[in-house]
Every structure is written in structure tokens, then in C-alpha cells.
Amino acid sequence: MSRALFTAAVLLGTSLSLAAPALAKTAYDGVWLFDDTPPTPGVTMIEVASKGGRIEGTVTTRWYGPVEMLNPRVEDGALRFDTRNINDRDHPTRAWSVAIEGSKAHLKGRIWESDIDVAGYRGKAKDARARAFKFAPPLPALGAPIPSKLAATPPMGWSSWNKFAEHIDDKTVRAQADAMVATGLRDAGYLYVNIDDGWQGQRDANGVLQPNAKFPDMKALTDYVHSKGLKIGIYSSQGPRTCAGYEGSYGHVAQDARTFAAWGFDYLKYDLCSGEWFYADADTVKRSYYEMGAALQATGRDMLFSLCEYGRFDVGSWGRDVGGQLWRTTGDITDDYPTMAKIGFDRNGKPEWAGPHGWNDPDMLEIGNGGMSADEYRTHMTLWAMSAAPLMMGHDLRETDAATLAMLTNRAVIAVDQDARGVQARAVRKAGTMEVWTKPLADGRVALALFNRGDAAGSLAATAADAGLASVTQVEDLWSGTKSGTLPASYTVPARGAVMVVVGG
Ligand code: GLA
């Protein structure tokens, strides 16, 4: 569907000039986005409406908001207002000024605060590109659920974000694809090479999104990755800006889906980010995902659709219906045990939501990035595999050391993650700092994990009853590789460590 979103013409009519002594109060009506100055990408949004000669509005920055405009007025060719400054008792308000000038096609704006510039640049006003958007755009109504035959098992691959953030380029992506093959990670099942935020440039005159200079030829890049027997993913947002401040798909949803398909992508991560300015409740968030899900389907190309809205609104209960094969259940992981454990143990999504073609996504792996001990990383891998979570690596594959490689390519552990039955593990027993989780497998055996969430080694017995079996006659310890016919009297589990076994009756 097409819709005219660039409403500057409607809002402004003709050219405005900063020198004009008194702008009509309505001249600022609308929603304005100010691109923050590099190197700190981001957006400041002001929403202004004049009613009966009075101006009202709010300001949202990448740091806070929306906050109300106090005493908004037009003075000396600029919109001026104050906002409450809740963190600073000596300066309870901040003064802001906004000026917008230019033609319909090329709006320019400046936005500044009296003492602190909006994006943290102190002292001086900065020039920003101002763009007007129509608020509350029409979203399609929810249609029939979008059927998917993709992702029968949890997707596996690599994403640029955890290691490279927005500092990602064509060369690095190719190098990761090369390393995926050379290390044997591809042959262990890791297939997707995903470009996260930071690849976007500007739109051309027809609105077609272009990559930035770090990605000279997207089609050549996808061809290269495909030539390695791999698949490749890309990233966008339903908002006008991505989380790192790059161009989003707002107003260009179907067009961007066609662009991604034409470039040859196999996967789209769609991140709410600034979309939450427009879609802030369950209904609109869901419809905004449905809009892209339907657009991807309409391209006719098989592309996995990864929903990233941080687990809001019980996403797992509707993720499949909007065309998603995986949906984030949390905010971002970081490379430390407390964050990984909080996400993996407590925020990994309801097991009833997961199953073939639709997976809870507790975020990408940090294994290999160096912030956790070997035992902590073992817990990370064990938890994700037990949870039937997508296994998206997040380190520099070129620097995979032997221990990291052994952990990531443990075939038996991967087989639990990828088990065809697609059941997400549940905790069946807790004892002090210890937890026992079980995951029934397609062949009738049961994967069983013992986690020690404490800071001292502990020991615990695993039993046939834990696994829901009458008796156990085969035991395979997946991290040590040993096999036996019986469960030991107890397992010793290191601090913050894990034991993972598969048992059969
Ligand atoms: C959000 C997502 C991350 C990553 C960044 C990119 O924070 O949750 O996974 O994609 O945006 O800016």
C-alpha cells in the first residue's frame, strides 16, 4: 500500500525563513524529527499542535520523553518553550528554541537548549535536518494470520550487533562469512550472517533506501554470502529511525520489503525503536509488525521475520500471526553473567509460545566476547539450547579460539536446541541455588540440565522422575561426552555453571 507521509507541504505551505519576524502559530504544527549531529546518531522529536491560538506540544529525545512544552510561543522566528528539568534542582526548567526554514522539499531546522544541546553537545546550537511526519499513520487492519513454513527449528547464525554495533561494513560481513565456513561453524548448522543496525544510508528521489558508503553493493554482498552456502539477513525498524539513529522504514514499509528482497536477503530483523512514538499499544505494535510481515510475504521471497520489540504485549502469543518466526523476549543482552542469567533464566518467554516455525528469542549469544568465564558461557549455551532459542553468535568469528569453537560446535548440544519436536525447556525443580530443567525430545529421550546459579560449587542428584521417566537406562553427558547406563548419585556443578545430559528410559 502506498501513502503520502511526507506532509511538509500540508504543514508549511510555502517557504519559511528564519528572518521572518512572526510566523503564524500554526506553522509549527505537526511532528518534527531533528536528526542529531554525528557522531551520536539519534533523533529529537517535537510534536506541536495549535488550538485556538494556543500552542501545545511535547519533546522526545533519545534520552527521555515525551515531556510537555511549558509556555510555548513563537518569538523572533523561532518556537520557544521550556521543559521541566527533573534531575537538576538548581535549574528546574530548560529553555529550548526550535527554528524551521526551507522549502517543501528541503526543510532545515535547528533545535537547541539554552545550556545543554539536545544530544549532549554543550554550548552551541546545532543545525539539524528537520522532517515533518504525519502522526498516527494508517496501519492495515489485522488480516488472516500469515502462514509460514520457515524455521521448523530455531534459526542459527551470526549477527553483527554484539561485537561491532553500528561499526559494520561490507568487508567485515564477507570476512565473517569466510570465517563461518573456515571454522566449521557453517557445517555445525550456523547459517545466517546478519547485518544489524548501521548499514543504512539515505533514500533516493524515489524513496528507495540506499545503503551507506560502507556497503557499496548490497546485491554483490548477498551473492557473495550465498556463494558460501550461507544465508544473509538485514535490519530495519517500523519507525522513522532505528535504535542507532539510522533511516527506518516508516512510510516505506512495502517499498523496503521489496528492496530487501531484490537485494537477495533471507532474513529481516524489525526493531521497534522510534516506532514506539507512533505505535505504543498492543494493537498498533501488532499491526505495525503485520504490515511488514504481509509486505515480506508479498515479495514472494522466503525471508525470516525476526520481531524485536523487547517482549512487549505478550509478543509470543501473536508473533506467528504477523508472519514472525522469532520474537525477542527481552531488552538487550550484554556480555556479563548477571544480564545473561536474568534473560536466560527469567525472561526467556513462555514455553507454550515456542515450537516449530515460531521461537522465543532471548537475544544473541555473547560466547567468545570475553566477558564471562568458561563456566558462565557454558551456562549461556546450555540455557539457550535447552530453551530452543535461536543461536545467533555475536562475536568476531575470525577470533574464535579453540574453547569457544568447541562450545559453539558441540553437535549434541546443538541437536538439543534443534530437536524436531521444538519444545522449550521448563524448570521442574529448584533446590537452593540449583535448578533442574527438562526438554522432551522427538526420539522419546529427555534433555536435562542442572544449573547452579550460586557463587559456590554445589551438588545435586538428577533423577528419572525429573525427566518424567519411570527409569533411566542411558545417560549421555553432553559437555564431557561420556556415556553410561545410570545416573550418578549426584552431579557437582561449578559456581554459575551447568551440566547437560540426555537421558533415555
Ligand atoms: C536494539 C536491539 C538490538 C540492536 C540495536 C541496534 O537495541 O534490541 O538487538 O538491534 O537496537 O541499534
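The model is predicted: local features need pLDDT of at least 70, side-chain atom pairs count only at pLDDT 80 or more, and totals for chains, interfaces and linings use all residues. Residues are numbered from 1 along each chain as its sequence is written, and side-chain values use heavy atoms, with hydrogens and water left out.

## Around the ligand

Let us begin with the ligand. It is surrounded by 13 residues, and the closest are Asp196, Asp197, Lys269, Asp271 and Asp332. A residue is near a molecule if one of its heavy atoms lies within 4 Å of it. What kinds of residue make up this shell? It holds seven nonpolar and six charged residues, and no polar ones. In this scheme Ala, Val, Leu, Ile, Met, Phe, Trp, Tyr, Cys and Pro count as nonpolar, Asp, Glu, Lys and Arg as charged, and the others, Gly among them, as polar.

| Side chain | Ligand atom | Distance |
|---|---|---|
| Aspartate 196 | oxygen | 2.6 Å |
| Aspartate 197 | oxygen | 2.7 Å |
| Arginine 328 | oxygen | 3.0 Å |

On its own, the ligand has 310 Å² of accessible area, and the protein covers 93% of that. Such areas come from the Shrake-Rupley method with a 1.4 Å probe; for residues, only the protein chains shown count as cover.

## Aromatic pairs

Now for the rings. A pair of aromatic rings is described by the distance of the centres and the angle of the planes. Rings of Phe, Tyr and Trp (its six-membered ring) pair if their centres lie within 6.5 Å; planes under 30 degrees apart count as stacked, over 60 as edge-to-face and the rest as tilted. The count by this rule is 13 aromatic pairs.

One of them joins tyrosine 192 and tyrosine 267, a tilted pair with 5.3 Å from centre to centre and 55° between the planes. Tyrosine 192 belongs to strand S12 (residues 192–194) and tyrosine 267 to strand S16 (residues 267–271), so the pair ties together parts that are 75 residues apart in sequence. Helices (H or I, at least four residues) and strands (E, at least two) are DSSP runs, numbered from the N terminus. Are these two tyrosines buried or exposed? Both tyrosine 192 and tyrosine 267 are buried. Buried means under 20% relative accessible area, exposed over 50%, and partly exposed in between (1.4 Å probe, protein chains only).

Tryptophan 199 and tryptophan 263 form an edge-to-face pair, 5.6 Å centre to centre with 85° between the planes. Tryptophan 199 sits in the loop between S12 and strand S13 (200–203), and tryptophan 263 in helix H6 (residues 253–263), so this pair ties together parts that are 64 residues apart in sequence. Tryptophan 199 is buried at a relative accessible area of 0%, and tryptophan 263 counts as buried at 14%. Trp199 and Trp263 also belong to one aromatic cluster with Phe260 and Phe265.

## Helix H3

Helix H3 (residues 170–182) has 13 residues and reaches 18 Å from its first C-alpha to its last, close to the 18 Å expected at 1.5 Å a residue. That expected span is 1.5 Å times one less than the number of residues. Its buried residues are Asp170, Thr172, Val173, Ala175, Gln176, Ala177, Ala179 and Met180. Just after H3, glycine 184 has a positive phi of about 90°.

## A few single residues

Most residues other than glycine have a negative phi, and most peptide bonds are trans. Alanine 151 has a positive phi near 55°; this alanine lies in the loop between strand S10 (130–133) and strand S11 (156–159) and is buried, at 15% relative accessible area. Phenylalanine 313 also has a positive phi, about 55°. Its place is the loop between strand S17 (304–308) and strand S18 (326–328), and phenylalanine 313 is partly exposed, at 33%.

Threonine 409 lies in the loop between helix H10 (402–408) and helix H11 (411–417). Its side chain reaches the backbone oxygen of leucine 405 at 2.6 Å, and threonine 409 counts as buried at 15% relative accessibility.

Technical notes: Polar contact = N/O pair within 3.5 Å; in protein donor to acceptor, adjacent residues only side chain to side chain.
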